[in-house]
Each structure stands twice: as C-alpha cells, then as structure tokens.
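Please look through the sequence and the structure below before reading on.

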Amino acid sequence: MKTVKTKQRKLLVIYSFLMIIFFVCIFARLLYLMVFQSEYYGKRALEVQERERKIKAPRGKILDRNGKILASNETVCTISVIYSQMTDKEKVIRVLSEEMEIEEEILRKKVYKKSLREKIKSNVPKEVGDRIRTKELPGVKVDEDYKRYYPYGSLASKVLGFTGGDNQGIIGLEVQYDSYLKGNDGKILTPTDSKGIEQEGALERRVEPVAGGNLVTSLDWNIQKYAQQIADYAREAKEANYVTIIVMDVRNGEIYAMANSPEFDLNHPYELPGYNHRKSGKKYQEMLNKMWRNPCINDTYEPGSTFKVVTATAALEENLVNLKSRFFCPGYKIVDDRRIKCHKITGHGSESFLEGTMNSCNPVFIQVGLEVGTKRFYQYFQKLGLMKKTGIDLPGEASTIIHPIKKVGNVELATMSFGQSFQITPLQYLVAASAIVNGGKLVTPHFAVQAKNDKGQLMEQFSYPEKEKVVSKKTSKTVRYMLEQVVAEGTGSKGKVEGFRVGGKTATSQKLPRGSGKYIASYMGFAPANDPKVIAMAIVDEPKGIYYGGQVAAPLIRTLYENILPYLLEEQK
C-alpha cells in the first residue's frame with residue numbers, strides 16, 4: 001500500500017513538473033511573439049488590414065555632355081476603381097467615358113468586375129486626371145504617375161531607346177542603364193476593414209519613392225542635331241535606304257553623335273510611318289523591330305576601300321612597303337584564275353604606294369595584301385579589334401562575319417585587302433581606324449560618362465578598357481600623312497574643310513550579289529590630320545544616281561566638319 005502511494009506521489013510530481021515546463025514554454029513563446037516579434041507581426045497585421053497602391057519613382061534623366069536634357073518625365077495619372085466603394089456605378093461609367101473617350105461598354109465590364117481594385121487606364125494626361133478628381137466619385141482613384149518624355153522627338157532615337165508601360169527600358173541606353181535610371185517605387189497604404197473596404201477618415205501611410213539616377217552621356221546635342229540634319233538631307237536627296245553618321249573622340253572613344261536616317265518618334269515608338277493607328281501581329285512587330293534597329297552597331301557591311309587603311313597599316317608595320325615603293329596598275333590584277341578590276345578600267349600605270357593610296361587603286365592593295373599574307377593579315381584584324389565586338393554600351397551589337405583562316409586562299413585574301421569578302425559593323429571599322437591614326441591606342445566606344453543621383457551627387461564614374469601600342473607611333477604618323485594627301489589631292493578631295501587639316505578615306509562598296517548595281521558609299525575623315533581629336537564616318541546605303549563614296553559621302557562629313565570643328569576644337573583647347 002505504501003509502495004502504491006509513493007508511486008502516485010512521484011507521478012504527481014512528474015506531472016506537475018511537466019505542466020510547469022509546458023506553461024513556462026507557452027509564456028516564453030507569448031513573450032517572444034508579443035515583445036521581441038511585435039514589430040514584425042504588427043507589420044504583417046497592417047499588410048492584411050491595408051490596401052497598397054504603388055507610387056512610381058520618377059525615372060532618371062538622360063543628359064548630353066553639356067547638361068541638356070535628352071530624356072525626362074511628364075506627370076500623368078492612373079485611373080482605377082474599387083468595386084465595393086462605388087455608390088453609383090452607372091455615373092462612374094458615364095463620367096469616365098466622357099473624360100477619357102472610352103466606350104461605355106468597355107468601361108462597364110471593368111466597373112462591374114468584383115475585384116479589390118481594377119485599373120481603368122494608365123498614362124492619362126494630368127489635366128484629365130485632375131478633372132476626374134474634382135468630380136468626387138466614390139470608389140474612383142486617381143493616382144499621379146510618370147511617363148517618359150523625349151523633348152526632341154526622334155533625335156538620337158536609336159541610341160537613347162525608349163521605355164515600356166511600366167517605365168522599364170526597352171532598347172538603347174534606356175535598357176542598358178535601366179538599373180541606374182529606374183529608381184525605387186513608393187506606395188500608399190490605406191486602412192481597410194475585414195471586407196477590404198477602405199475605412200472612412202482613416203489616415204493613409206505613404207512610403208516615398210526614390211528617384212532614379214541621371215545618366216550623363218558623351219552625346220553633344222549640337223553635333224547630333226547637325227549630323228541628323230545632314231543624314232536626313234542626304235537620304236532624301238539620294239533616295240537612299242538609310243544614311244548613318246558617327247562622330248567620335250578619336251582619343252578616348254566618347255561618341256559625340258550617332259545619327260541614323262530614318263529615325264523614329266521616341267514619344268510614339270509603336271507607331272509606324274504610313275499607319276494611322278497602332279496595329280498588332282507578328283508582321284507589324286517585325287516592322288517595328290526593323291524601324292528600331294541601329295545600323296551603326298546592329299548590322300554588318302563590306303567596308304570596301306576605307307579598309308585599305310588597315311591593309312596599308314599592316315604592310316607598313318611589317319616593313320613590306322614605304323611611301324615610295326613602286327607598283328604598276330594596268331587596270332586589273334590577275335590572282336590565280338581570277339581577273340580583279342581596278343575602279344579605273346584603263347589603269348593608273350606606274351605609281352608609288354602613296355599615289356596608289358591617293359588613287360584608291362585595287363591592284364596596288366591586292367599586291368600589298370598578298371605580300372602581307374593571310375596569317376599576318378588576320379593578326380592585324382585581331383590587333384585592331386576587328387575579330388570581336390567593340391564593347392559599346394548599347395545592346396544588340398553584331399559580330400564580324402569572316403572566313404575561317406584555313407579557307408582563305410589567294411583570291412579571298414586579294415579581295416579582303418580592299419575591303420570585300422568579309423563584313424563588320426560601321427563602328428568596328430571606326431574604332432580600328434581610330435587606333436591607326438591616334439598613335440596606336442585601341443579604345444572602347446561609349447556613351448555613358450557618369451551617373452548622378454537627383455541631388456547631383458556622383459553615383460558612378462564609368463570607365464572603359466583601352467589597349468596601347470596596337471600600332472607603332474611611326475606607322476600611325478605615316479598613315480595620317482597618307483590620308484591627309486588623299487583629301488588634299490586624291491579621291492577624298494570633296495572632304496576638304498577650309499582652315500583645317502583633314503585626313504580621310506573613301507569607299508564605294510558593291511553590295512551582294514555582285515553586279516546587282518547596288519552600292520554603299522562611305523567616307524571616314526579625322527581632324528586635325530597632324531594631331532587627331534575627332535573622327536567621323538558617313539555611310540549612304542544604295543544611293544540613286546552617282547554612288548561613289550568620294551562624291552556622295554565625303555561632302556557629308558565636310559559639311560558636318562564645317563559646322564562643328566570650330567566649336568569642337570575651340571571647346572577642347
């Protein structure tokens with residue numbers, strides 16, 4: 001009996017001890033939740049009891065090198081309705097239809113939809129939103145928002161790019177630097193009851209948005225504007241497919257202008273010329289993609305005779321020629337079983353290497369290219385950055401199209417020596433030419449210079465790779481002299497600029513298929529010829545009538561330089 005009672009007392013003690021531990025654990029858990037986790041669960045409770053409305057952050061501006069605004073924002077409104085709070089839905093339909101010019105039947109479907117919050121329309125002009133707000137319609141919300149605005153319409157459209165409906169970048173610099181430009185959205189938190197209805201008279205909480213950073217670019221509004229005007233005029237005058245002009249600082253790769261004709265309206269990027277309204281479908285999207293393409297970087301071409309600059313550089317670097325080396329041009333050059341013509345059918349006769357360059361003589365450069373040889377020729381492609389993308393800070397850069405070295409015979413090498421049988425982008429060529437004339441520094445072409453916050457404080461100073469000594473200073477000086485003579489007395493004479501020393505090279509590239517009668521006229525020019533600071537290039541695709549680069553493209557850069565050199569070189573002193 002005593003043993004049984006002892007056991008019972010022991011069990012009671014154990015049960016009591018376990019109960020005490022249980023209640024201590026419960027108390028500790030409550031203490032932890034109510035004291036140490038109170039802030040967390042308070043926020044969770046508010047999330048359940050509050051309706052959230054997003055406040056878009058103003059997107060950062062895009063500026064030119066002098067602070068001129070190229071991309072900004074304008075205030076717009078987003079109109080939405082809350083089903084449970086509308087007291088007169090038909091009145092809401094009637095007023096919104098009248099103010100926003102939306103069919104009542106379309107509105108009726110949205111107004112009668114039993115959702116917590118139904119968006120009616122975004123990007124509504126602010127004046128319209130203000131009018132709707134004054135109507136004091138219960139359940140109708142008017143929130144201020146931002147829409148991207150481009151003050152110069154189509155200027156540099158294929159460089160700047162544009163944004164989508166939620167202000168995210170789509171193409172161009174807008175998408176490349178989206179992480180700097182987009183900012184952080186804010187929100188409005190409105191207390192609601194258990195049914196999700198906003199509590200009358202309750203105070204809203206507001207989390208302020210953080211504005212995006214401003215992007216300072218190397219673009220110069222004045223130079224871009226002149227380049228655009230010249231490109232538009234040339235395309236119309238020559239009835240060309242397109243015209244592109246690039247202007248770059250030869251010393252560091254900063255791009256002052258990249259003009260394409262035609263451009264497109266950045267404020268209406270989904271509207272195609274010739275269409276009265278926005279359409280949809282695969283074909284329409286393909287047409288939009290074509291309109292948005294930037295031929296300077298997205299498309300490749302055969303550079304033609306401008307590429308003779310590269311061939312000359314390779315031969316001079318390898319000590320295979322000098323300015324006085326003699327050649328003979330009978331109007332053609334036979335390579336293996338192929339007869340390759342010179343642009344002067346009757347031939348140039350006896351000429352020096354300098355004269356052959358001034359005459360842009362194919363037979364001279366064929367002979368020089370064959371002496372350089374395939375292996376060394378490809379090495380200079382590599383050295384001058386022509387076997388890879390330039391690294392420009394724009395999306396969608398195309399790659400070089402070139403024969404594998406094992407498949408290059410004498411005929412292929414001969415045609416490559418004067419810029420045929422391979423394709424590069426215009427910008428790839430301009431970067432290679434810059435390295436040749438600037439003393440041998442291979443630069444990375446770019447637009448972004450700095451990112452600053454809305455208070456003007458520096459967020460990031462952008463830097464880009466450079467490679468020194470890809471060409472010797474001696475060869476660079478010799479090529480500069482040769483190209484100055486091309487402009488002074490050779491095929492580039494229409495590129496002369498009164499009062500300035502200019503070097504340059506022309507090209508007239510026959511498009512594939514050969515014999516189609518379609519050409520690309522181009523010209524590269526730099527100044528001052530003795531100490532280059534700026535380099536520019538013009539390409540005219542399929543000009544009608546006269547199609548020679550020296551007569552079609554060289555005058556475009558001459559006109560550009562006449563306008564910008566006094567301003568640009570004075571600024572750089």
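## A leucine and its contacts

Leaving out residues up to four places away in sequence, L160 touches I62, L70, Y150, L155, I171, G172, L173, E174, L219 and L266. The model in which these contacts are found is a predicted one. L160 belongs to helix α6, which covers residues 157-160.

Is L160 buried or exposed? L160 counts as buried because its relative accessibility is 1%, and buried means under 20% relative accessible area. The distance between the C-alpha atoms of L160 and D220 is 13 Å, although 60 residues separate the two along the chain.

## The chain as a whole

The chain contains 20 helices and 19 strands. Its radius of gyration is 34 Å, whereas the globule rule gives 25 Å for 573 residues, so the chain is more spread out than a compact globule. Along the principal axes, its C-alpha atoms fill a box of roughly 130 × 80 × 50 Å.

Of the 573 residues in the chain, 50% are buried. Among contacts with a separation of 6 or more, 71% are between residues 24 or more positions apart. The chain exposes about 28,600 Å², and carbon and sulfur atoms supply 52% of that area.

## A nonpolar patch on the surface

On the surface, L11, I14, Y15, F17, L18 and I21 form a nonpolar patch, and together they have about 600 Å² of accessible area. One of these residues, L11, is placed in helix α1, which covers residues 2-36. L11 counts as partly exposed because its relative accessibility is 43%.

## Salt bridges

Side chains of opposite charge can pair when their charged atoms come close. How many salt bridges does a search of the whole structure find? The search finds 26 of them. Among them is the salt bridge between E90 and R108, whose closest N and O atoms are 2.9 Å apart. This pair links distant parts of the chain, with E90 in helix α3 (residues 89-100) and R108 in helix α4 (residues 104-111), 18 residues apart. Both partners are partly exposed, E90 with a relative accessible area of 32% and R108 with a relative accessible area of 21%.

Another salt bridge joins the side chains of R293 and D299, at 2.5 Å from N to O. R293 is partly exposed, with a relative accessible area of 35%, and D299 also counts as partly exposed, at 24% relative accessibility. In a further salt bridge, the closest N and O atoms of R514 and E302 are 2.8 Å apart. Because R514 lies in the loop between β17 (503-510) and β18 (519-527) while E302 lies in the loop between α11 (295-298) and α12, the pair ties together parts that are 212 residues apart in sequence. R514 counts as partly exposed at 34% relative accessibility, whereas E302 counts as buried at 8%. Elsewhere, R59, R148, E174 and D178 are linked in a network of salt bridges, and E174 is also one of the residues that L160 touches.

## A buried lysine without a salt bridge

K308 lies in helix α12, which covers residues 308-317. Although K308 is buried, it has no salt bridge, and the nearest side chain of opposite charge, that of E351, is 9.4 Å away. A salt bridge needs a side-chain nitrogen within 4 Å of a carboxyl oxygen. Apart from its neighbours within four places in sequence, K308 is in contact with S360, C361, N362, F365, S417, F418 and K505.

Terms used:
Residues are numbered from 1 along each chain as its sequence is written. This is a predicted model: local features need pLDDT of at least 70, side-chain atom pairs count only at pLDDT 80 or more; totals for chains, interfaces and linings use all residues. Side-chain values use heavy atoms; hydrogens and water are left out. Patches are made of residues with over 30% relative accessible area and no salt bridge: like charges are joined within 9 Å, nonpolar side chains (Val, Leu, Ile, Met, Phe, Trp, Tyr) within 5 Å. Accessible areas come from the Shrake-Rupley method with a 1.4 Å probe; for residues, only the protein chains shown count as cover. Helices (H or I, at least four residues) and strands (E, at least two) are DSSP runs, numbered from the N terminus. Buried means under 20% relative accessible area, exposed over 50%, partly exposed in between (1.4 Å probe, protein chains only). The radius of gyration is taken over C-alpha atoms; the globule rule is 2.2 Å times the number of residues to the power 0.38. Contact means heavy atoms within 4.5 Å. Lys and Arg count as positive and Asp and Glu as negative; His and the chain ends are not counted.
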